[in-house]
Amino acid sequence: SSSFNGVFDGDNHSIQGLYIYSSAENQGFVANAGYGSVIKNLTLTDCFVKGGNNTSALSVQTQGTISNCHVSARVEAPQAFAQVGGLVAVSNNAVIETCSFSGSVEASGTWYVAGIVGLAKNTTISECYNTASVLGSLYVAGVVGRMESHTLVNKCYNAGQISRFRD
């Protein structure tokens with residue numbers, strides 16, 4: 001699939017009511033933010049996103065920079081196996097800074113579930129916070145569900161309720 005490789009500057013505007021209802025993988029506002037891409041200064045409010053593996057409200061997969069983005073959403077992935085995030089499902093060689101997520105993330109049967117990033121690889125996440133409730137099966141967290149390969153989390157916090165589905 002093709003990727004977004006440009007700069008999306010929301011200029012501090014808001015998008016309200018994004019609605020995605022699917023059982024397919026890779027559901028979110030931006031499916032693949034490629035190397036060098038920038039998504040910044042954007043707010044998404046009152047959103048609903050439902051999908052399979054790799055589902056999030058803002059960027060499904062990112063290899064660029066996400067800065068000053070704030071999302072309020074309900075994210076659901078009831079049939080997913082892995083990688084669900086409020087803001088980003090999977091980040092690799094990325095920078096995510098000064099962002100927040102509120103609302104809820106619910107992913108039954110899913111590994112790597114979090115309010116900010118489900119699975120982070122070679123990523124720097126700084127000054128981000130989650131206030132959403134997060135519910136998943138394994139590797140469930142407020143900020144990052146799973147960190148791999150030189151991922152750094154700096155000055156981030158979670159204030160949301162974190163829960164696991166029980167077998």
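C47 is a buried residue, with a relative accessible area of 5%; buried here means under 20% relative accessible area, exposed means over 50%, and partly exposed lies in between (1.4 Å probe, protein chains only). C47 takes part in no disulfide, and the nearest cysteine sulfur, that of C69, is 12 Å away. A disulfide is counted when a pair of cysteine sulfur atoms lies within 2.5 Å. C69 is buried too, at 1%, and its sulfur is 4.9 Å from the closest cysteine sulfur, in C99, which is too far for a bond. By this rule the count of disulfides is zero.

Before going on, please note that this is a predicted model, where local features need pLDDT of at least 70, side-chain atom pairs count only at pLDDT 80 or more, and totals for chains, interfaces and linings use all residues. Residues are numbered from 1 along each chain as its sequence is written, and side-chain values use heavy atoms, with hydrogens and water left out.

Let us step back to the whole chain. The protein chain has zero helices and 20 strands (DSSP runs numbered from the N terminus: H or I of at least four residues for helices, E of at least two for strands). Its radius of gyration is 14 Å, close to the 15 Å that the globule rule gives for 167 residues, so the chain is as compact as a globular protein of that length. That radius is taken over C-alpha atoms, and the rule is 2.2 Å times the number of residues to the power 0.38. Buried residues make up 51% of the 167 residues.

What lies inside? In soluble globular proteins, nonpolar side chains tend to be buried together. Here the largest nonpolar core has 37 residues, among which L58, I96, F101, I116 and I125 touch the most other members. Such a core is a set of buried Ala, Val, Leu, Ile, Met, Phe, Trp, Tyr and Cys residues joined through side-chain atoms within 4.5 Å. Elements giving two or more residues to this core include β4 (38-50) and β6 (65-76). Leaving aside neighbours within four places in sequence, L58 is in contact (heavy atoms within 4.5 Å) with residues including F29, L44, C69 and V71.

Y139, in strand β16 (residues 138-141), has a positive phi of about 60° and is not a glycine either; Y139 is partly exposed, at 37%.
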